[in-house]
2 protein chains.
Amino acid sequence: AAVNRKGVELESYAIEGISVGGHETCVIVPELKCVFDIGRCPSRAIQQKFLFITHAHLDHIGGLPMYVASRGLYNLEPPKIFVPPSIKEDVEKLLEIHRTMGQVELNVELIPLAVGETYELRNDIVVRPFATHHVIPSQGYVIYSVRKKLQKQYAHLKGKQIEKIKKSGVEITDTILSPEIAFTGDTTSEYMLDPRNADALRAKVLITEATFLDESFSTEHAQALGHTHISQIIENAKWIRSKTVLLTHFSSRYHVEEIREAVLKLQSKVSAKVIPLTEGFRSRYS
Amino acid sequence: AAVNRKGVELESYAIEGISVGGHETCVIVPELKCVFDIGRCPSRAIQQKFLFITHAHLDHIGGLPMYVASRGLYNLEPPKIFVPPSIKEDVEKLLEIHRTMGQVELNVELIPLAVGETYELRNDIVVRPFATHHVIPSQGYVIYSVRKKLQKQYAHLKGKQIEKIKKSGVEITDTILSPEIAFTGDTTSEYMLDPRNADALRAKVLITEATFLDESFSTEHAQALGHTHISQIIENAKWIRSKTVLLTHFSSRYHVEEIREAVLKLQSKVSAKVIPLTEGFRSRYS
C-alpha cells in the first residue's frame, strides 16, 4: 500500500492534498478555506471557496470546471477563483463551453490577480501573488494574516482616551500583515533570489515544488523544464526564513523512500522543519 | 472504510471504475481497451485508447482534457474519443483552449459517431451508439465482437474446396456481430422499450444506470431528471436478455447496504446476474 499521510499539521494549519509531478497538484488548507491549484478536483477541495491557480497546465487546472460544478451541485456559495491575468479569458471560455455543452450554470467569481496586487479574502486575511518562473505564465501566492496594532505614540494612553481619539477620526493603529502560507506552484528556483519574494520565504509555511531529487537529473534539466531540483533549494537555503517547508510536486518516478532520503539532506541544511507531501507516492516495497 | 471492490469479473471481462451519481462516472474494460465516460480521469483509464462519451455533463466528461494530456505524458498512442455528433465542436473547442492555455499538444482523434453508425475498433470488434434519453443530448454504446461464419451451403465442403471458391472471389462467410458490452450512461428507462435497442438488452454485459433506489424518489422524479429508478428496471425486466447487468450511477446519498438491498429486489425478477458497482460508496458502518 502507498505509504502516505492524509494531510499534515504545520504551524497550526492542517494541510492536505496531493501533488504528483505531471499528474495532479491540489493543496488544501481547510482552515483558510483555500485551495492551491485544483489537479483532478479531489472531493476535499470542493468545500473550500477560494481557489488559487498558479498556471494553466492540466495537472494543476484540469479539475477546475468540476470544482465549480460540484459546488453548485451541493448548493455551496459560488467560489472565488484567482488566476494569472493572462489566462483569465481562456478560463472564462473554458467555463462557457461547459455551460453550453452541459446546459449547466457554473456560477463562479473569476478574479484576475497580478503580482503586486492585494485581495482581501476576509477582514483578517489577504492574498498577494508573487513572481515565479515556469515554462508558461505562472505565479505563486502568499496568504497574509492581518491585524491592527496600536501605534507607539498611543501605547501609554488609557482605553477611554484611546476611544476618544479614535472617535475623532484619527488613525491610531498600524495594519500588520504577516505571511502565513506561501505556495509556489511550478517554478524554477530563481524565485528564491528575487528580493520582492521575501514574504514568500518568511511565510510560516512555505509550500514549494521539488520536482527533481537525485543526480540522474541536472539542475540545467530542471531549469529547462521550468522546475526546481532539491539541490537548488539546498543551495539557496540561507534565504529561507519559514518555520516549515512543505515540499511537493516530486516526479512520479520516485518512491516514498527516495523522497525521504532527499528531504533529510535538505533538513540538515535548514533550520525550518522540512516535510514532504507524499500522498499518491508508492513505497518501494508495495 | 468504504465497502467496495476494485473491479468485477463479468462474463470473462474484468470491469473496473467508479460511478457515483453527480460526482464521477468512468467505467473501464481493459481487455477491450475501452473506457465509458471519463469522470475525473482515474489513472486506470489512461491506459485505454478508446473513450466513449455518452453526454457532456461534467461528472462524465470533466476528465477528458486530463485523459488526453496524460496519454501524451506517457507517450501513449493518441486516443480515439467517440462523442455524440452534437457536442463534437464544443469538445474540440475545449481541447483547443487547453492547448492555448497550457501550450501543450493534446493529440487525439475525435470521432463523432451517431446512432445507427458502426465503427471498427479492431478487425474483431465494432461499436455502435444507441438512443438514450437524458436532459441533454446523450447516447449509449454497444461493443460487438465480430466473427466470420462459413455460409451453410459450403459447410459440407473440404478445406481445399473452400479455399478454391474463396480465391475465386466468392464471399463464402457471413459476418456475425454479437453484442458483448452495452453501456447506457445517464438515461431514463425508456431506452429499454425501444426495439432498436434490442442489442443493448441482449449484450453479454448490460451496464446501466440506476440513480434512484428507494421509495423516497418517484419514477416521475427520476424521469424529470433524465434518470432511471430501479423499480423501472424491475418493471421492464422481461426485456433483459443479458447474462449480467452491472448497475451504476447510484445517487451519492445511498450507502452500500441500501444499494445491496435494492439490487436483491431486482435480482429476484431477472435471470441475469445483477451486480452493483459500489466503488466510491461508503458503508453505513464506516
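## The interface at a glance

Chain B and chain A bury about 2,700 Å² between them, with carbon and sulfur atoms giving 69% of that area; buried area here is the accessible area (1.4 Å probe) that two parts lose on being put together, summed over both. On the chain B side, B:R40, B:L58 and B:M101 supply 28% of what this chain buries against chain A, more than any other three residues.

This is a predicted model, in which local features need pLDDT of at least 70 and side-chain atom pairs count only at pLDDT 80 or more, while totals for chains, interfaces and linings use all residues. Residues are numbered from 1 along each chain as its sequence is written, chains are lettered from A and ligands numbered from 1 in the order in which they are written, and side-chain values use heavy atoms, leaving out hydrogens and water.

## Who touches whom

The contact (heavy atoms within 4.5 Å) draws 36 residues from chain B and 36 residues from chain A. There are zero salt bridges between the two chains, taking a salt bridge as a side-chain nitrogen of Lys or Arg within 4 Å of a carboxyl oxygen of Asp or Glu.

Sorted by class, the side of chain B that touches chain A has 21 nonpolar, eleven polar and four charged residues. Ala, Val, Leu, Ile, Met, Phe, Trp, Tyr, Cys and Pro count as nonpolar, Asp, Glu, Lys and Arg as charged, and the others, Gly among them, as polar.

## How the copies are related

The same surface serves both copies, as 100% of the contact residues of chain B recur in chain A.
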